[in-house]
Structures are given as C-alpha cells and as structure tokens.
Amino acid sequence: AGNSTNSTSTPGCGPASVSGSSSSISDEQNANDQAIAGVALGLGLGERGVLIGITTALTESTLINVDYGDTMSNGQMSSSRGLFQQLDAWGPLVDRLDPVKAATMFYAGGQAGQSGLMDIPGWEEMPVPQAAQAVEKSQFADGSNYAANLELGQVITTAIMAGGAIAPS
C-alpha cells in the first residue's frame, strides 16, 4: 500500500456551516464523516483521501451506517452493510458497522485481501469517481454513481478541513 505525503493534521472540533449548499446533514452523518476523515488523515492520505472516502460513503449509504444491503437482481438482499456497503468477506459485521473500522478497511483493504484505496496504484491522481470504483467495484463500472455525489462530498470535505463539522439543520 502506498502512502501520500499530504498533511496529516487533524481537523478541528468546532462546527462549520456549509454555506451555499442546499444540503444538510444529520448528527449521525456528521459523526460518520468525521470518522472517515479521521481515519484518512491518520493514515496520511490528506484531503484527497478524505474526499474519496466521504464521496464513496455518500454514494453507498448517504453517510448513514445502514444495517441492510442492496437488493440484487434475484430479489435477495446482499450481505453488504455499513457506510461503505462492504460485503461479508471484508470483515465481521460488527467491524463493517463500526465507522472507524469500516473506513480503515476502505482505505487499507478488507480482511480477506480485498484492495483498499492505498492498494490502488495511482489513486492520488485518479478522478474521485474512478478511485472510489477501484475499491468498491460497484455495478457502475465507469464510476458514474460516485460522480453524482462528488459536489456534496467536496463541500463536506472542505468544511471538515477548514476546522470541523457540518452544522446540522
């Protein structure tokens, strides 16, 4: 796994508002985006790593730690759970539902050898949707599902890096 040389400073704890955004996030979403950012920064992945993680979790779960999976083509529910909708093979359910452990698996890889973001060669230069898709391997091979949440992901990431949480509405 490669490491970025970006800053590893920890964002502040005070609330920051999302000006100009029509979106608002709940206390739960705010706690989850802070957990993702803390893991990314702790791993030395900088603002770009934060952005990729938050955009991915926005797409996979709307930053809500969900205890249900996607409906598959056969009508069954998949085993995917948590912020990143990680399947059973990624790790025990308790870990996939723990925001810090789930984010760590997203960045560092799953417990059965799945590639995390740091294992993807050149992730630092990839467009955010392609970097997210390289880890998640969703049904949208072009990453278009992640592109839809990139703007909100950037707003949240910018607020976190500026010193804190998004103010809930």
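Colleague: What is the hand of the crossing where α1 passes α4?

Modeller: This is a predicted model: local features need pLDDT of at least 70, side-chain atom pairs count only at pLDDT 80 or more, and totals for chains, interfaces and linings use all residues. Residues are numbered from 1 along each chain as its sequence is written, and side-chain values use heavy atoms, with hydrogens and water left out. Helices are DSSP runs (H or I, at least four residues), numbered from the N terminus. A crossing is left-handed if the near helix is turned anticlockwise from the far one by less than a right angle, and right-handed if clockwise; for α1 passing α4 it is right-handed.

Colleague: Which word describes how α1 and α4 lie to each other?

Modeller: Axes are lines fitted to C-alpha atoms over the stretch in contact, and angles run from 0 to 180 degrees between N-to-C directions. The axes of α1 (residues 27-42) and α4 come within 9 Å and cross at roughly 45°. Under 35 degrees is roughly parallel, over 145 roughly antiparallel, 65 to 115 roughly perpendicular, and the rest oblique. Therefore α1 and α4 are oblique.

Colleague: How many charged residues does the contact of α1 with α4 have?

Modeller: Contact means heavy atoms within 4.5 Å. Residues of α1, including Ala 35 and Val 39, meet residues of α4, among them Ala 103 and Tyr 107. Asp, Glu, Lys and Arg count as charged; Ala, Val, Leu, Ile, Met, Phe, Trp, Tyr, Cys and Pro as nonpolar; the others, Gly among them, as polar. The contact of α1 with α4 has eight nonpolar and two polar residues, and the number of charged ones is none.

Colleague: What is the angle between α2 and α7?

Modeller: α2 passes α7 in a right-handed crossing. Their axes are 8 Å apart, and the helices pack at about 135°.

Colleague: Is Leu 63 buried or exposed?

Modeller: Leu 63 sits in the loop between α2 (46-61) and α3 (93-96). Its phi is positive, about 65°, although Leu 63 is not a glycine. Most residues other than glycine have a negative phi. Buried means under 20% relative accessible area, exposed over 50%, and partly exposed in between (1.4 Å probe, protein chains only); at 0%, Leu 63 is buried.

Colleague: Is Lys 137 buried or exposed?

Modeller: Lys 137 also has a positive phi, near 50°. The loop between α5 (128-136) and α6 (144-147) holds Lys 137. Its relative accessible area is 57%, so Lys 137 is exposed.

Colleague: What is the C-alpha to C-alpha distance between Gly 113 and Trp 90?

Modeller: Gly 113 lies in the loop between α4 (99-108) and α5. In sequence, Gly 113 and Trp 90 are 23 residues apart, yet in space the distance is 8.0 Å.

Methods: Helix = DSSP H or I, 4+ residues; strand = E, 2+ residues; numbered from the N terminus.
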